[in-house]
Amino acid sequence: FEFFIKDNKNHFILCSKTDDMWVWDGENEPYQVLDAPCVNNMAVAFSRLFVTTPQTPYSVLFSSDLDPSNWTMSAGDAGEVKFNDSLGKVLSVFAIENYIYVMRERGIVKLYNYNSNNNSFAVSQVYLSTSKIYDNSIAVSGDKILFVCNDGIYSFDGLNGKKLYGQLNDIIHMS
C-alpha cells in the first residue's frame, strides 16, 4: 500500500502481486484501477506513482501525474524507465526525500529531473555492489534502506552505502 494526496485529499492505494490495484479516499467507495499493471512494489515521488512489475523486470513504470487510474502509456504522461546496463533486474523501488531510488541486483540508481518533452527521467548510478543484492532482504528503516549482499548487511541513505556487518558465514542462508 501507499499514500498520496490528490485534489487536496489523502488517498490510499492498495494492491498485491496477484490482486488488482484499488484506490480509496477514506470517504467514497474504493475503486478498482482496471488498467493498472501487476505491482511487485511501489513508491510515491514527483507527484507520481512508481511501480515494479514482474512483466517488466528491467524497467520501472510510472503513473500519469499521480493519477493511479491512468496507466495508459499512450496518454503521454504515464511511462516506463528502461535499464539497459549491467546492474541486473529491478528488485524494488523506494522514495527518500522525494527522490526515487531503484534497487537493482548489483546496485542502486536514482531517478530525477523529469523531462516533459520526452516523458523521461534522468538516471544516475548512486551505489554499485560487488556482489548480488538479495531481493527478499530489502527493507525500509526510517530514512535508510537496509539490504543483504553475499558479503554482508548494508544500509543506504540516499547518498552513501555503508557496510553494517560482514560476518554472515553460517548465520544467514539466502537462496
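Is Cys-15 buried or exposed? In this predicted model, Cys-15 has a relative accessible area of 16% and is therefore buried, given that the class takes in residues under 20%.

## Cysteines

The count of disulfides in the model comes to 0. Cys-15 is in no disulfide, and the nearest cysteine sulfur, which belongs to Cys-38, is 8.3 Å away, whereas a disulfide would need the two sulfur atoms to be within 2.5 Å. Cys-149 is buried as well, with a relative accessible area of 1%.

## The four-stranded sheet

An open sheet is built from 4 strands, which follow the order β1-β2-β3-β4 and pair in an antiparallel manner. Because β1, covering residues 2-6, and β4, covering residues 31-33, stand at the edges and have a single partner strand each, one side of each is left without a neighbour in the sheet. Neighbouring strands of this sheet are turned against each other by 30 degrees on average, when direction is ignored.

Strand β3, made up of residues 21-24, runs antiparallel to β4 and is joined to it by 3 bridges; Met-21 has Val-33 in β4 as its bridge partner.

## The loop between β11 and β12

Asn-119 is found in the loop that lies between β11, residues 107-115, and β12, residues 120-128. Although placed in a loop, Asn-119 counts as buried, because its relative accessibility is 15% and the limit for that class is under 20%. A polar atom of the Asn-119 side chain lies 2.7 Å from the backbone oxygen of Ala-78.

Note on methods: Residues are numbered from 1 along each chain as its sequence is written. This is a predicted model: local features need pLDDT of at least 70, side-chain atom pairs count only at pLDDT 80 or more; totals for chains, interfaces and linings use all residues. Side-chain values use heavy atoms; hydrogens and water are left out. Two strands pair if DSSP finds at least two bridges between them. Helices (H or I, at least four residues) and strands (E, at least two) are DSSP runs, numbered from the N terminus. Axes are lines fitted to C-alpha atoms, for helices over the stretch in contact, and angles run from 0 to 180 degrees between N-to-C directions. Buried means under 20% relative accessible area, exposed over 50%, partly exposed in between (1.4 Å probe, protein chains only). A polar contact is a pair of N or O atoms within 3.5 Å; within protein, one must be able to donate a hydrogen and the other to accept it, and residues adjacent in sequence count only if both atoms are side-chain atoms.
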